[in-house]
Amino acid sequence: MKRRTFLKGAAALGLTAGTSAAHTVVAQSINPQGGPTLPDEIATALARFRETIPVNFDQTYVENVVVPYFLTSFYEGERPMLPLIDLVLSKENALPPDLWGLIYSAWRPTPEEGSTVFLQGLENRGENNLRKRIYFAAMTPDLYKPMYSEKVGAFFDELMDPKFANIPFMRHYLDYYFDIYWDLHLGVKGKAIPAEVREIGEAFNTVLAYLNPMQPIVYENYMVVRKRLDFLRTWIDERVEDISSGRLANPEKTLAWYWLKNAGDGAHFSKKDIVFECFHNFVALSQWGNSLYGIMSRLSENDGDKTVRSSFQKTMSGDFDNANGAPYTPLELFVMELFRTISPNSGSISAIDDARNSAYGESPHRSLGLSFDRDSYLITPHTTTSHSRELWKDPDAFDPDRYREVPTSAEIDEEKCKQIGLARCPFDITSFEVKDGRKVNITNSGFGTVFGVADGKPKPVCDFAGFAPFGFSYRRCPGEQLTIQVFEDFLRKVWKEKIVFRTLPLAKPGRVPIGPGAVIDDDIGFSR
Ligand code: HEM
């Protein structure tokens, strides 16, 4: 195809820099200079594309969300044999561009608005993954019992009050979810959370769950997020100020307090970044919803998984909180196995560039001088990696004891890396001492996995590719142990109060958005 014709096609799609939206597609397929028109085939395709965009969609939304969505490609990556993702697969802005407008007012990354470690390449995080270590300072496992467990316990008590028995559980969970969310982040719950803040949270979750921007429900909720973004930012900023100025009681029971205390000179964790992390975590904590649903489905008395139910019985009939000198307690092992098998997050997402020069010479993109980018992402899969036959003898068995046989992050040192066949650790092992009064160091394994050492005692994670639900290496989820502790508390309560889950006989269960890419029939309830 000649360059001129191709560019006209691109312009018609609204793809060249600064062009208008796909709205104008068909009109522009006629060359105003009277030159050759676009081939019929393209014009027809463009017309069909145009017809599928609902006419009420705002033009800015079409340009910034719908068009980029059509231009984005995802590639399925390999299942890693070691818990590592190469740095060539970048975390920098590794979020599909149709979702940028949910967190950036300008619809695209603008670091001056603040940023999240989740979207930073290692090279931009400060020395030795500094930003990640500061973030992790708020969630090392030693903090859970004294600082967060009371809040989580009160949340589950309210959620599973006998008066809520036998009603669809997930809608009910979502009605309370933002109380625990803001209580943990900023020490605010109940009526102190403004309606606008609840509204944007709910709308954000709905977009994440339905995802496809062509759906009216996504469009409507996306626009609610856009409308409330400034309000939310200002509200969080004021609450962070309450924490830093001592106006909030028990500030040390909030995540933001640890970020403030450990931010150093703010070069890698400014106040704007704290504000940003507080709402970007809508993405992270929304995964508690699909995890919870996955656990209830497996424990369900009438519809669940017998093996998981009997493993739960066995675990809780023993000394479930006693690690006996091992790295993990029996209850922790059980929760880890739930996460491996439920796999609430299906893959780690990395931004990749298409090669503009290869053995074929210049790519058509470069030789044609195209001025638009097609965004490409590679997904390192979690579910299939966690079930890999190369990594586990019996990947499909539900077996919490499997983690006793594979290395922890505290064991992956120089020597272990050499044993595996590497010349050296891919990541230097360094320590960051927290500045909030605790005797806690945040260190890493030779694979880059960050973990805490409290009062000289390491609290490692499983550093093996076969345990993939929280990702890998320097970019692995810092909220992993907090999440495991939250679900341990949930299961302790279920066991202690003899709570059972059942699929409810509902003719038409409500459809509920419970997590990224997850909309379910809300048909499980609890009773005692
Ligand atoms: C069921 C719960 C959760 C699951 C399944 C989960 C899963 C993951 C996964 C797979 C990654 C790696 C993504 C990648 O490398 O591309 C990740 C990263 C991350 N998660 Fe989570 N997460 C959960 C909860 C949380 C919570 C509760 C928090 C915070 C309180 C959190 C904060 C983060 C952050 C900040 C990152 C980016 C880390 C980095 O790039 O260094 N997550 N999470």
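Predicted model: local features only at pLDDT ≥ 70, side-chain atom pairs only at ≥ 80, totals over all residues.
Let me begin with two helices: the axes of helix α8 (residues 216-244) and helix α9 (residues 255-262) come within 10 Å of each other and cross at roughly 70°. Axes here are lines fitted to C-alpha atoms, for helices over the stretch in contact, and angles run from 0 to 180 degrees between N-to-C directions. Helices (H or I, at least four residues) and strands (E, at least two) are DSSP runs numbered from the N terminus.

Residues are numbered from 1 along each chain as its sequence is written.

Angles under 35 degrees count as roughly parallel, over 145 as roughly antiparallel, 65 to 115 as roughly perpendicular and the rest as oblique. α8 passes α9 in a right-handed crossing; a crossing is left-handed if the near helix is turned anticlockwise from the far one by less than a right angle, and right-handed if clockwise. V240, I243 and S244 of α8 meet A256, W257 and L260 of α9, where contact requires C-beta atoms, placed from the backbone, to lie within 7 Å. By class, this contact has five nonpolar, one polar and no charged residues. In that scheme Ala, Val, Leu, Ile, Met, Phe, Trp, Tyr, Cys and Pro are nonpolar, Asp, Glu, Lys and Arg are charged, and the others, Gly among them, are polar.

How do α7 and α8 cross? The axes of helix α7 (residues 195-210) and α8 come within 8 Å and cross at roughly 140°. That makes α7 oblique to α8, and α7 passes α8 in a left-handed crossing. Among the residues making this contact are I200, F204 and Y210 of α7, together with Y222, F231 and W235 of α8. The contact of α7 with α8 has 14 nonpolar, two polar and three charged residues.

I turn now to the sheets. Four strands form an open sheet in the order β6-β7-β8-β9, with antiparallel pairing; two strands pair if DSSP finds at least two bridges between them. β6 (432-433) and β9 (457-459) stand at the edges, each with a single partner strand, so one side of each is left without a neighbour in the sheet. Five bridges join strand β7 (residues 440-444) to β8, with I442 opposite G452 in β8. The β7-β8 hairpin has five residues between the strands, and G448 there takes a positive phi near 95°. Strand β8 (residues 450-454) pairs with β9 over three bridges. A454 stands opposite K457 in β9, and G452 has K459 of β9 as its bridge partner. In the hairpin of β8 and β9, two residues lie between the strands, and D455 in the turn has a positive phi of about 50°.

A second open sheet has three strands in the order β1-β5-β2, with mixed pairing. Its edge strands are β1 (73-76) and β2 (347-352), each pairing on one side only. β2 and strand β5 (residues 376-381) are antiparallel and share six bridges; S348 stands opposite T380 in β5.

Finally, the domains: the assignment, from an automatic or database source, gives domain 1 (1-69) and domain 2 (113-346 + 382-527). Their contact takes eight residues from domain 1 and six residues from domain 2. Helix α3 (residues 59-71) supplies the largest share of the domain 1 side, four residues.

Conventions
Contact = placed C-beta atoms within 7 Å.
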